[in-house]
Amino acid sequence: MAEATAAASRKVKFIVTRQDSADGKSYTEEFEVPYRPNMNVISALMEIQRNPVNASGKATTPVCWESNCLEEVCGACSMVINGKPRQACSALVDKLEQPIRIAPMSTFPVVRDLVINRERMFSALKKVKAWIPIDGTYDLGPGPRMAEAKRQWAYELSKCMTCGVCLESCPNVNDKTDFIGPAAVSQVRLFNAHPTGEMNAHERLEALMEDGGIEGCGNSQNCVRSCPKGIPLTTSIAAMNLDTTKHLFKKWLGV
């Protein structure tokens, strides 16, 4: 009974980095949320949204953030939690050091509070043509089959949810560079391996060889350590380094 009473009165402290508009100044605001067993950061933000009162007892505006699936699949709830970029839906309060510090990812422009603009990431995917081009005007029938061994490692690459965590952890992705980041490089490997996608493999390799392409990677390997889906990003980068080198030599030789 005493334990239940203590748990009911327990508070969890959050220090949230906020920004009222895209061109506004950032500031921090403290909140205290009633503790519940097995709560995650998203549920705490929902509690703040229901009762937007800060730790000083002053009414404030609800904290803005993005989320969708709450199952670490959509990638929408990426933010920096206690200094580490990760998904808020899988960040359990019981496993976090308190006070819990929450901030938006700094690699992307802030829209408001924890909401960011991922245009940089989506533009990189457009640049490398991260899709399978098909003629949708008529039924093409079933697609070509892939060998099971190839399909298995390709499936690992397809888990990318464009969460942006790998870009946030990469020291070579910042406002002073135009490096497309590890996610786009890995997607080139995925679509170049596809039986239909490989017809446009040379276009994707050319995109990687342009300014801001694969040459921007400094091999810090932060991306593979931080990826929430465990995608072998550094393996993909190494493979694309080899493929772009082969492609370059073929161009020189006129093959």
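**Close-up 1. The second largest cavity of the predicted model has a volume of about 60 Å³.** A cavity is a set of points, on a 1 Å grid over the protein atoms alone, where a 1.4 Å probe fits but cannot get out, and its lining residues have an atom within 4 Å of a point. The volume is the space filled by probe spheres set on the points, which are joined across faces, edges and corners. Residues are numbered from 1 along each chain as its sequence is written. Because the model is predicted, local features need pLDDT of at least 70 and side-chain atom pairs count only at pLDDT 80 or more, whereas totals for chains, interfaces and linings use all residues; side-chain values use heavy atoms, without hydrogens and water. Among the lining residues are Cys170, Cys217, Cys223, Phe179, Pro182 and Ile237. By class, 6 lining residues are nonpolar, 5 are polar and none is charged, with Cys and Pro counted as nonpolar and Gly as polar.

**Close-up 2. The largest cavity has a volume of about 90 Å³.** It is lined by 14 residues, of which Cys160, Cys163, Cys166, Cys227 and Ile231 are the closest to its centre. The lining comprises 11 nonpolar, 2 polar and 1 charged residues. In the whole structure, the search finds 2 cavities of 30 Å³ or more.

**Close-up 3. Phe249, Trp252, Leu253 and Val255 make a nonpolar surface patch of about 550 Å².** Accessible areas come from the Shrake-Rupley method with a 1.4 Å probe. Leu253 belongs to helix H9 (residues 233–253), a helix being a DSSP run of H or I with at least four residues. Leu253 counts as exposed because its relative accessibility is 67%, the cut-off for exposed being over 50%.

Note on methods
Patch = residues over 30% accessible without salt bridge, like charges linked within 9 Å, V, L, I, M, F, W, Y side chains within 5 Å. Salt bridge = Lys/Arg side-chain N within 4 Å of Asp/Glu carboxyl O. Helix = DSSP H or I, 4+ residues; strand = E, 2+ residues; numbered from the N terminus. Buried < 20%, exposed > 50% of the residue type's maximum accessible area, 1.4 Å probe, protein only. 1 Å grid on protein atoms, 1.4 Å probe; cavity = no way out; pocket = protein on both sides within 12 Å on 5 of 7 lines; lining within 4 Å.
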